[in-house]
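Visitor: I am new to reading protein models. Could you walk me through one, feature by feature?

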Amino acid sequence: MMKASDTIIKRIKEFEGFSAKPYRDSAGVLTIGYGTTKDADKYTNISKAQADLLLRRDLAQFENQLNNYIATRGYELTQNQFDALVSFLYNVGSIKAGSGLDASIRAGKPKVVAANLQRYVYAGGKKLAGLVKRRGYEAYLFSTQPADIGKALLAAIGLFQF
């Protein structure tokens, strides 16, 4: 059973931002902490530690959902791909069976999956820069092998030449 990496949890926190008080997100959904929507109406003010617990509770649900997709839909995922889809699920909620995204994941076509992910950039009928950035990151992560990321990081600090 796959789990979200610490790296993607950190990135989800960055994408979601933190709010100690409930607010309506761009789609009008009541939200608190690091993007928690489940039972958000039960809280008036939370700490970052409480928000972290809520995030991890919610992530467990989406990890289970994605592991169920692996079992029932035949997804074969690397850790990067799992992380990209957990981030997507945390933000969107599901991958509709038979959708273009589902079909491209089933077919094992990372670049097509990446293109499909980048279509989900609208909330409340508006294209949002934050979603464009998030989907871009998820698309990159989905289509990049872990070793490639390591090489890119080493190249960035001058220890590896392509």
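Guide: Gladly! Let's begin with a definition: a salt bridge is a side-chain nitrogen of Lys or Arg within 4 Å of a carboxyl oxygen of Asp or Glu. This is a predicted model, where local features need pLDDT of at least 70, side-chain atom pairs count only at pLDDT 80 or more, and totals for chains, interfaces and linings use all residues. Residues are numbered from 1 along each chain as its sequence is written, and side-chain values use heavy atoms, with hydrogens and water left out.

Visitor: How many salt bridges does the structure hold?

Guide: The general idea is that side chains of opposite charge can pair when their charged atoms come close. Here there are 11 salt bridges. One of them joins Glu 63 to Lys 3, with 3.8 Å between the closest N and O atoms. Glu 63 belongs to helix 2 (residues 48–73) and Lys 3 to the segment before helix 1 (6–16), so this pair ties together parts that are 60 residues apart in sequence. Helices (H or I, at least four residues) and strands (E, at least two) are DSSP runs, numbered from the N terminus.

Visitor: Is Glu 63 buried or exposed?

Guide: Buried means under 20% relative accessible area, exposed over 50%, and partly exposed in between (1.4 Å probe, protein chains only). Glu 63 has 7%, so Glu 63 is buried. Lys 3, at 47%, is partly exposed.

Visitor: Which residue forms a salt bridge with Glu 16?

Guide: That is Arg 134, and the closest N and O atoms are 2.7 Å apart. Arg 134 sits in helix 6 (residues 129–143) and Glu 16 in helix 1, so the pair links parts that are 118 residues apart in sequence. Both Arg 134 and Glu 16 are buried. For another case, look at Lys 42 and Asp 39, whose closest N and O atoms are 3.8 Å apart. Lys 42 is exposed at 63%, while Asp 39 is partly exposed at 28%. Shared partners also join Glu 16, Arg 134, Arg 135 and Glu 138 into one salt-bridge network.

Visitor: Now a helix. Which residues of helix 5 are buried?

Guide: An α-helix has 3.6 residues a turn, so residues three or four places apart point the same way. In helix 5 (residues 110–117), the buried residues are Val 113, Ala 114, Asn 116 and Leu 117. Down the helix axis they fall within an arc of 165°, so they line one face of helix 5; the arc is that of the directions from the helix axis to the C-beta atoms. Their cover includes helix 3 (79–92), helix 4 (100–107) and helix 6.

Visitor: How many residues does the largest nonpolar core have?

Guide: A nonpolar core is a set of buried Ala, Val, Leu, Ile, Met, Phe, Trp, Tyr and Cys residues joined through side-chain atoms within 4.5 Å. The largest one here has 33 residues, and Leu 66, Leu 77 and Phe 142 are among those with the most contacts inside it. Leu 77 is in contact (heavy atoms within 4.5 Å) with residues including Met 2, Ile 70 and Phe 82, leaving aside neighbours within four places in sequence.

Visitor: And how do strand 1 and strand 2 run?

Guide: Two strands pair if DSSP finds at least two bridges between them. Strand 1 (residues 19–24) and strand 2 (residues 30–33) run antiparallel, joined by 3 bridges. Arg 24 has Leu 30 as its bridge partner in strand 2. The two strands form a hairpin with 5 residues between them, and Gly 28 in the turn has a positive phi of about 85°.
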